[in-house]
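Biologist: I would like to learn how to read a model like this one, feature by feature. Could we take one residue as a starting point and then widen the view?

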Amino acid sequence: MDNSIWRRKPIAAFEADIKNNQLKRVLGKWSLTAIGIGAIIGGGIFVLTGTAAHYHAGPALALSFVVAGIGCIFAALCYAEFASMLPVEGSAYAYAYGTIGELFAWAIGWGLILEYAMGAMTVAVSWSGYFNKLLHLFGIEIPFWLRNDPVSAGQFARDNGLADPGFAVNLPAFFIVWVVTYILIKGIKEAASANNVIVILKLAAIVFIILVGAFFVHTQNWVPFIPAVELVEHADGTMKEAYGWAGVLSGASAIFFAYIGFDAVSTQAGEAINPSKDMPFAIIMSLVICTVLYILVSLVLTGMISYKDITGDALKAPVAFAFDKAGQPWAVFIITAAATAGLISVMLVMMLGQTRVFLGMSKDGLIPGFFKEIHPTFKTPWKSTLLVGTLVSVVAAFTPIGLLGDMTSFGTLFAFAMVCLAVLILRFRDPNRERPFKAPFLTIVAPLGILVNTVLILMLDGLAQKLAFGWLLLGLVVYFAYGRPNSFLNNYKED
């Protein structure tokens with residue numbers, strides 16, 4: 001029995017997991033790609049573009065997406081190599097467990113829990129905002145105390161001279177989480193089919209934004225492309241430096257939340273038809289498609305309106321605001337409807353990834369067996385899906401969401417950097433192992449991936465960094481109190 005915190009899960013144990021897989025293998029390479037696109041295209045284009053342009057990079061937002069995309073492509077190549085070698089659920093957690101060690105794997109898994117949970121909550125609240133905007137276009141208004149959490153409702157009442165409601169709940173956010181939960185419990189095939197339809201609608205809307213918006217671009221809005229450094233007032237009244245090359249980097253950190261999608265692809269190995277070939281394809285393809293679209297949309301957005309004008313309500317729906325200001329209110333309806341549908345698929349993939357990380361950790365004994373129980377008919381981890389749905393819906397309904405985007409980015413960046421390190425270590429430790437996909441120039445790609453992702457972590461909001469590190473410390477307590485004593489490696493014996 002190996003009691004070291006650096007003990008590694010044997011490759012033979014991973015192979016046994018693959019043979020004993022109870023999930024339905026129904027996802028082909030394009031369904032996997034759609035899952036990646038479904039998660040990547042959403043909050044990044046419909047919400048974060050305005051925030052990143054106004055508070056960080058200005059017109060150089062396009063460069064922020066390039067920087068973030070470069071950091072992602074390094075990580076994606078490493079993910080693809082691992083996914084082809086260890087096609088099991090658990091994503092970066094599983095990869096680290098087989099290469100670096102249990103404690104390291106636990107830290108990544110705990111970070112992924114933060115990434116997916118915070119991300120799903122943030123997107124649920126964002127969806128509620130777009131849904132209410134869509135209803136408003138039809139002349140329908142939900143009472144403010146039924147569309148806001150208690151803190152936000154109280155602020156709304158004060159700003160509008162209304163009486164404090166006493167009770168408030170973000171009912172749309174609560175409702176949509178349970179719709180997604182039902183789809184996920186019903187089955188991966190149904191979830192993938194729903195996601196495919198939404199992705200097609202979402203891609204059509206993005207192409208619409210790029211092609212139509214290009215006619216309303218004013219090139220003077222791009223001058224200067226990288227504005228000089230200055231102090232910018234934030235919503236809480238604080239003044240922070242923005243723009244310049246530092247703004248490009250901090251902008252890349254802020255929008256990194258949008259690139260969670262290809263990590264989500266790697267959690268679906270247990271349901272992929274041919275994971276060793278299809279997952280590398282889906283990981284790289286979804287990233288390339290979305291990075292190109294992000295760059296084009298950011299150029300159109302900052303060309304249609306000045307980054308200085310993206311304030312107030314415009315920050316919540318910057319693309320719709322740009323078309324409204326261009327005198328094209330008919331386009332606002334299309335964009336709002338697309339965002340409302342599009343954010344559902346982001347939430348769906350995040351909650352899907354969350355339960356699959358839980359499944360991988362539970363199979364290894366690091367968290368209770370409750371999380372690995374598979375429904376006899378639907379073949380999905382239904383109990384953990386219900387738990388995730390409950391937690392996400394309650395938090396989204398009653399909590400004002402502030403730094404969750406940055407905290408999600410922390411979890412993503414941390415996992416990406418660790419995967420780059422893990423695949424590099426395995427190349428030296430086990431150079432002769434079969435690799436259906438081999439990342440090119442790994443001795444350059446992996447170190448650059450570690451460097452870029454680490455720099456972007458350092459560029460995140462300071463409070464978000466502290467909260468995220470606090471979450472990791474809590475994870476260490478849970479690991480030593482429960483995970484390590486119950487790890488299956490305590491009693492594992494190789495044949």
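**Reading one residue, then the chain**

Modeller: W382 is found in helix α15, which covers residues 382–398; helices are DSSP runs of H or I with at least four residues, strands are runs of E with at least two, and both are numbered from the N terminus. The model is a predicted one, in which local features need pLDDT of at least 70 and side-chain atom pairs count only at pLDDT 80 or more, whereas totals for chains, interfaces and linings use all residues. Residues are numbered from 1 along each chain as its sequence is written, and side-chain values use heavy atoms, with hydrogens and water left out.

Biologist: Is W382 exposed, partly exposed or buried, and which residues is W382 in contact with?

Modeller: Buried means under 20% relative accessible area, exposed means over 50%, and partly exposed lies in between, with a 1.4 Å probe and protein chains only. W382 has 27% relative accessibility, so it counts as partly exposed. Contact means heavy atoms within 4.5 Å; leaving aside neighbours within four places in sequence, W382 is in contact with I185, E373, I374 and H375. L343, by comparison, is 39 residues from W382 in sequence and 22 Å away in space, C-alpha to C-alpha.

Biologist: Which residues other than glycine have a positive phi, and where do they lie?

Modeller: One of them is K379, with phi near 60°, in the loop between α14 (329–363) and α15; its relative accessibility is 28%, so K379 counts as partly exposed. Another is F441, whose phi is about 50°, in the loop between α16 (404–429) and α17 (442–458); F441 counts as exposed because its relative accessibility is 67%.

Biologist: Which residues of helix α13 are buried?

Modeller: In α13 (residues 318–325), the buried ones are P318, V319, A320, A322 and F323.

Biologist: Which peptide bond is cis, and where is its proline?

Modeller: The bond joining V223 and P224 is cis, with omega about -5°, and P224 lies in the loop between α9 (188–213) and β1 (230–233).

Biologist: How many disulfides are found, and how far is the sulfur of C72 from the closest cysteine sulfur?

Modeller: A disulfide is a pair of cysteine sulfur atoms within 2.5 Å, and a search of the whole structure finds 0 of them. The sulfur of C72 is 9.9 Å from the closest cysteine sulfur, that of C420, which is too far for a bond. For C290 the closest cysteine sulfur is in C72, at 10 Å, again too far for a bond. C72 is buried, at 0% relative accessible area, and C290 is buried with a value of 0%.

Biologist: How many helices and strands are there, and how compact is the chain?

Modeller: The chain has 18 helices and 2 strands. Its radius of gyration is 22 Å, close to the 23 Å that the globule rule gives for 495 residues, so the chain is as compact as a globular protein of that length; the radius is taken over C-alpha atoms, and the rule is 2.2 Å times the number of residues to the power 0.38. Buried residues make up 58% of the 495 residues, and among contacts between residues at least 6 apart in sequence, 81% join residues at least 24 apart.
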